[in-house]
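Subject: Structure handover

Hi,

Here is the structure for your set-up work. Please look through it before you read my notes.

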Amino acid sequence: MISEVLLGSSIAIIVMAGCYNSALFVLSRVRVRRRRGPRAQRLYVFLLACLNEEKVLAESLARITGLPAGNFIALVIDDASDDRTSDVARAADSDRVRLLRRELPNARKGKGAALNAGIRHLRESGLLDGHDPRDVIVCVVDADGRLDQHVVQAVDPYFDNPRTGATQIGVRMYNRHKGLLARLQDMEFVIYGDIFQSARRYIGSVGMGGNGQFMRLAALDTLMSEDGKGPWSDSLTEDLDLGVRLIARGWTNQHCTTAAVSQQAVLDVRRLVRQRSRWFQGHLQSAGLVPLILREVPGRAAVDLLYHLSSPVLILLTSLLPVSFIVATAGAVVGSVQAGHPLFSPMWVIGPYVLSFTAAYAYGWVYSRREQGLGLVRAILLSHVFVIYGYIWFAAGWWGLWRMLTGKQTWLKTART
């Protein structure tokens, strides 16, 4: 009896997730028409919050300063680095790149605090004087972020709609050829963008990522905290928090599928789990957004955001499914022996395969369209490995929960290579 309950619960959770993912896949294939409005000459401001980023910053700044766009500046926010981060910023194009050097004890309080300091500096320095906040677009780029050259031309039309508060572009791994782990991370971000984010354009629940997010300054101004610190919170996933609060303020978040920012994939499993544990802990912190969503976000967008915020709980529950499946299988074997039935049934293989790997065919198809030269068959085979790769979230989830329960809030920064 217990084994049957465990098996039934396991199947129910998998089927629920499968139905949700299937619905998003269908929605992601629907074209969303953009409203056209009067084209304005906009100022683009690229913010790079940096802590010991001398290894990757120069290439990222070279990509930004080489953009074929007329009106833009980049602000490097050095959060009290111990290396040559500030020297790299000073060596860049002085007409395009500015440097804000933060010092301890005010520095190293998280990415959100650094970005807030950057916004304050832009206002106090006069760099934004004479610019309408509605026509200033702030872009957050990680220090290892390499923007596509056409990114401004791809993103700019989304802001013709005066209700667009933010636009997230796709994310790729520029070192995806460095091994299977890097390739799977690239596949993860492509699938998330091309299926989940694209579908949420239709739902109204597009989320913001920490890299390659473009935001209208006027929208950020509506998120200013009462203490005047700035629009970003001190959450470990300040990007998730900001995206939800923009929707709650009545702004529309968009997702651009025609441009991307490439970043460095993590090449070590332990470092990857460490990174994801921070993301997981930040998602747990975001449970505090639930009252705001219930109060301010309409209909289907609210339902999808609530489901998204519940993902940490679902991951922890799902991590118990292998145990429940083993118990249920053992119970089924004992029952078969006692009843005199065959010890092995093909359904014990076919059933778990269908439940676990059906999505791999959709994932492979989507990825093969983005990664030219890979081929559909190879992409589908890779997608089977990708499903197993998703189990790293189990380890990251329990690590993140443990950190939260023990009160550890330090920033687990991903080391660069």
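This is a predicted model: local features need pLDDT of at least 70, side-chain atom pairs count only at pLDDT 80 or more; totals for chains, interfaces and linings use all residues.

Residues are numbered from 1 along each chain as its sequence is written, and side-chain values use heavy atoms, with hydrogens and water left out.

**Whole chain**

The chain has 16 helices and 8 strands. Helices (H or I, at least four residues) and strands (E, at least two) are DSSP runs, numbered from the N terminus. The chain holds 417 residues, and 50% of them count as buried. Buried means under 20% relative accessible area; exposed means over 50%; partly exposed is in between (1.4 Å probe, protein chains only).

Now the contacts, where contact means heavy atoms within 4.5 Å. Take those in the chain with a separation of 6 or more: 81% are between residues 24 or more positions apart.

**Helix packing**

Two packed helices are described by the angle between their axes and the distance between the axes. Axes are lines fitted to C-alpha atoms, for helices over the stretch in contact, and angles run from 0 to 180 degrees between N-to-C directions. Angles under 35 degrees count as roughly parallel, over 145 as roughly antiparallel, 65 to 115 as roughly perpendicular and the rest as oblique.

Helix 6 (residues 180-203) packs on helix 15 (residues 376-389) at about 90°, with the axes 10 Å apart. That makes the two roughly perpendicular. Helix 6 contributes Leu180, Leu181, Arg183, Leu184, Gln185, Met187, Glu188 and Ile191. Helix 15 contributes Ala379, Leu382, Ser383, Val385, Phe386 and Tyr389. By class, this contact has 10 nonpolar, 2 polar and 2 charged residues. Here Ala, Val, Leu, Ile, Met, Phe, Trp, Tyr, Cys and Pro count as nonpolar, Asp, Glu, Lys and Arg as charged, and the others, Gly among them, as polar.

Helix 6 also packs on helix 9 (residues 269-285), at about 25° and with axes 11 Å apart. These two helices are therefore roughly parallel. From helix 6 come Leu181, Gln185, Glu188 and Phe189; from helix 9, Val269, Leu272, Arg276 and Trp279.

Helix 11 (residues 299-309) and helix 12 (residues 311-318) pack at about 45°, axes 5 Å apart. They are therefore oblique to each other. Tyr307, His308 and Leu309 of helix 11 meet Ser311, Pro312 and Leu314 of helix 12. That contact has 4 nonpolar, 2 polar and no charged residues.

**Buried polar and charged side chains**

The contact lists here leave out residues up to four places away in sequence.

- Asp194 lies in helix 6. Asp194 is buried, at 14% relative accessible area. Asp194 touches Ser28, Arg29, Val366 and Arg370.
- Asn211 sits in the loop between helix 6 and strand 7 (213-216). Asn211 is buried at 3% relative accessibility. Asn211 is in contact with Val140, Val141, Asp142, Gly145, Gln168, Val171, Val261 and Gln263.
- Asp304 lies in helix 11. Asp304 is buried at 6%. Asp304 is in contact with Tyr20, Arg200, Ile203 and Ser205. Asp304 and Gly204 are 100 residues apart in sequence, yet 8.8 Å apart in space, C-alpha to C-alpha.

**Backbone points**

Where is the cis peptide bond? It joins Leu104 and Pro105, with omega about 10°. Pro105 is in the loop between strand 3 (97-102) and helix 4 (111-124). Arg108 is found in that loop too. Arg108 has a positive phi of about 55°, although it is not a glycine. Arg108 counts as partly exposed, at 35% relative accessibility.

Ala80 is not a glycine either, and has a positive phi of about 60°. Ala80 lies in the loop between strand 2 (72-79) and helix 3 (85-90). Ala80 is buried, with a relative accessible area of 5%.

Best wishes
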